[in-house]
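Have a look at the model on the screen, and I'll walk you through it.

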Amino acid sequence: MSETDPPATDDERTAINEDWAATVVGLVLLALVLIGVIPVGLVP
């Protein structure tokens, strides 16, 4: 007899929806521009 964990419910999983993912990516890009990693000439 094998024991398996029951599948995780939606409440137990950590999920990031696309809105938060876009916000995080935008903030990272802004930080890279402000730090100088991405030159200002590349930013439209």
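So, start where helix 1 begins: a side-chain oxygen of asparagine 17 comes to within 3.2 Å of the backbone nitrogen of aspartate 19. Keep in mind that this is a predicted model.

Does the length agree with what you'd expect, or disagree? It agrees, because 18 residues at 1.5 Å a residue should span 26 Å, and the end C-alpha atoms of helix 1 are 25 Å apart. What follows helix 1? That's glycine 36, and its phi is positive, near 105°.

Now the surface. Leu27, Leu30 and Leu34 make a nonpolar patch of about 330 Å². Across the protein, 0% of the 44 residues count as buried. The protein exposes about 4,400 Å², with carbon and sulfur atoms supplying 64% of that.

Last thing, the annotation. UniProt, in an unreviewed entry, lists residues 20-43 as "transmembrane region". In the model, that stretch is 67% helix and 0% strand, and its end C-alpha atoms are 22 Å apart.

Methods. Residues are numbered from 1 along each chain as its sequence is written. This is a predicted model: local features need pLDDT of at least 70, side-chain atom pairs count only at pLDDT 80 or more; totals for chains, interfaces and linings use all residues. Side-chain values use heavy atoms; hydrogens and water are left out. UniProt positions are given in the numbering used here, feature names are shortened, and annotations may be inferred rather than shown by experiment. Helices (H or I, at least four residues) and strands (E, at least two) are DSSP runs, numbered from the N terminus. Patches are made of residues with over 30% relative accessible area and no salt bridge: like charges are joined within 9 Å, nonpolar side chains (Val, Leu, Ile, Met, Phe, Trp, Tyr) within 5 Å. Accessible areas come from the Shrake-Rupley method with a 1.4 Å probe; for residues, only the protein chains shown count as cover. A salt bridge is a side-chain nitrogen of Lys or Arg within 4 Å of a carboxyl oxygen of Asp or Glu. Buried means under 20% relative accessible area, exposed over 50%, partly exposed in between (1.4 Å probe, protein chains only). The expected span of a helix is 1.5 Å times one less than its number of residues. A polar contact is a pair of N or O atoms within 3.5 Å; within protein, one must be able to donate a hydrogen and the other to accept it, and residues adjacent in sequence count only if both atoms are side-chain atoms.
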